[in-house]
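I'm opening my notebook on a new structure today. I'll jot down what I look up as I go, one topic at a time.

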Amino acid sequence: MAAQAPQEGSKGGETSPDAVDAYDVELCAWRSNVGVPRARFKPGQMSVESTALIVDAESIRKTYRNGSTEIVAVEAASLCLKAGEFVALTGPSGCGKSTLLNMLACVEVPTAGVLRIAGRATGSLGDDELTSLRRTAIGYVFQFFNLMPMLTVRENVALPLLLSGWARRRIRPAVAAALQAVGLRDQAEQRPATLSGGQQQRAAIARAIIHSPKLVLADEPTGNLDTRTGTDVLTLLRRMQRDRDLTVLMATHNADAAHAADRIIRMRDGKIEAH
Ligand SMILES: Nc1ncnc2c1ncn2[C@@H]1O[C@H](COP(=O)(O)OP(=O)(O)O)[C@@H](O)[C@H]1O
Ligand SMILES: [Mg+2]
């Protein structure tokens, strides 16, 4: 499954790493109370190895073909992220940040190179195993939140657990705790459209961390928020990262956000600059 290219400047144009239509199908089943289609793999079937290196990318490359033209979105990027790091990814628009995040999210398959996420070489995994890896090990936060509009905040946050086949009796307390942690307990039954931008991003952060992923990828998470709200969201992300010992890679244009990170990886023209 390939994610659509994020269109710079197009509001709401970015795509969820788990295909939205897959969300739709599974959620419609849930909401209409006919039961959730179980994923073809069993929860826990995929062992995510305990490793100090959460991301280990060796010369990963991504090219797209537009007619006869080849577009090199990411050219031979190598990077490692250690467990518990909070790293900023900066660079001008179009330099390949979102494409790199999408490859680390196992949404886009690298055209070349070797990518290991939580010790698993993704090139050797089949579709089901990649889906399982995404659902267990990875959380994603988007610039435009990407919450499901017809679901309540509680249902949006429950989604990753539901898709992973958790029992409902385990989902309820986990969601309540996550909503409490992001300060949205009182908004649980509201739909996203009734929330402020900052509240929507808090809900999206709760959704991204609910399944205790190893790796959280955040693509311009403060890019659609005013400065103060953006700072609050960044503080929350940082707190969740520390409290839950997450590894975070955050693409950002915001210099303050980048400097709040443990270190900065800079990209230009599809390449990672020396760091
Ligand atoms: N699905 C796609 N098809 C064709 N070109 C793409 C696609 N996704 C990204 N690109 C191109 O790859 C380059 C990097 O894009 P992107 O990763 O979105 O950069 P950034 O997030 O840094 O703005 C751009 O030239 C963009 O137009
Ligand atoms: Mg981008």
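Predicted model: local features only at pLDDT ≥ 70, side-chain atom pairs only at ≥ 80, totals over all residues.

**Entry 1: a covered helix**

I started with helix α4 and listed its buried residues: Val153, Arg154, Glu155, Asn156, Val157, Ala158, Leu159, Pro160, Leu161 and Leu163. After α4 comes Gly165, and its phi is positive, near 85 degrees.

**Entry 2: the neighbour helix**

How do the axes of α4 and α5 cross? I looked up α5, which spans residues 168-181, and found that the two axes come within 10 Å and cross at roughly 125 degrees. That angle is why α4 counts as oblique to α5. The crossing of these two helices is right-handed.

Next I wrote down who makes the contact. From α4 I have Arg154, Val157, Ala158, Leu161 and Leu162, and from α5 I have Ile171, Ala174, Val175, Ala178 and Leu179. Sorted by type, the residues of this contact are nine nonpolar, no polar and one charged. Reminder from class: an α-helix has 3.6 residues a turn, so residues three or four places apart point the same way.

**Entry 3: Val157 and the core**

Leaving out residues up to four places away in sequence, my list for Val157 is Val175, Ala178, Leu179, Ala203, Ala206, Arg207 and Ile210. Then I asked myself which residues have the most contacts inside the largest nonpolar core. They are Val157, Ala206 and Leu217, and that core has 68 residues.

Last topic: backbone angles. Most residues other than glycine have a negative phi. Ser59 goes against that with a positive phi, near 50 degrees. I found Ser59 in strand β1, residues 53-66. Is Ser59 exposed or partly exposed? It counts as partly exposed, because Ser59 has 13 C-beta neighbours inside 10 Å.

Ser212 also has a positive phi, near 50 degrees. I placed Ser212 in the loop between α6 (197-209) and β7 (215-219). Ser212 has 12 C-beta neighbours inside 10 Å, so it counts as exposed; the cut-off for exposed is 12 or fewer.

Notes: Residues numbered from 1 in each chain as written. Chains lettered and ligands numbered in written order. Core = buried A, V, L, I, M, F, W, Y, C linked by C-beta atoms within 7 Å. Buried ≥ 20, exposed ≤ 12 C-beta atoms within 10 Å, placed from the backbone. Contact = placed C-beta atoms within 7 Å. Helix = DSSP H or I, 4+ residues; strand = E, 2+ residues; numbered from the N terminus. Axes fitted to C-alpha atoms, helices over the stretch in contact; angles between N-to-C directions. Parallel < 35°, antiparallel > 145°, perpendicular 65-115°, else oblique. Left-handed = near helix turned anticlockwise from the far one by under 90°. Nonpolar A, V, L, I, M, F, W, Y, C, P; charged D, E, K, R; others polar.
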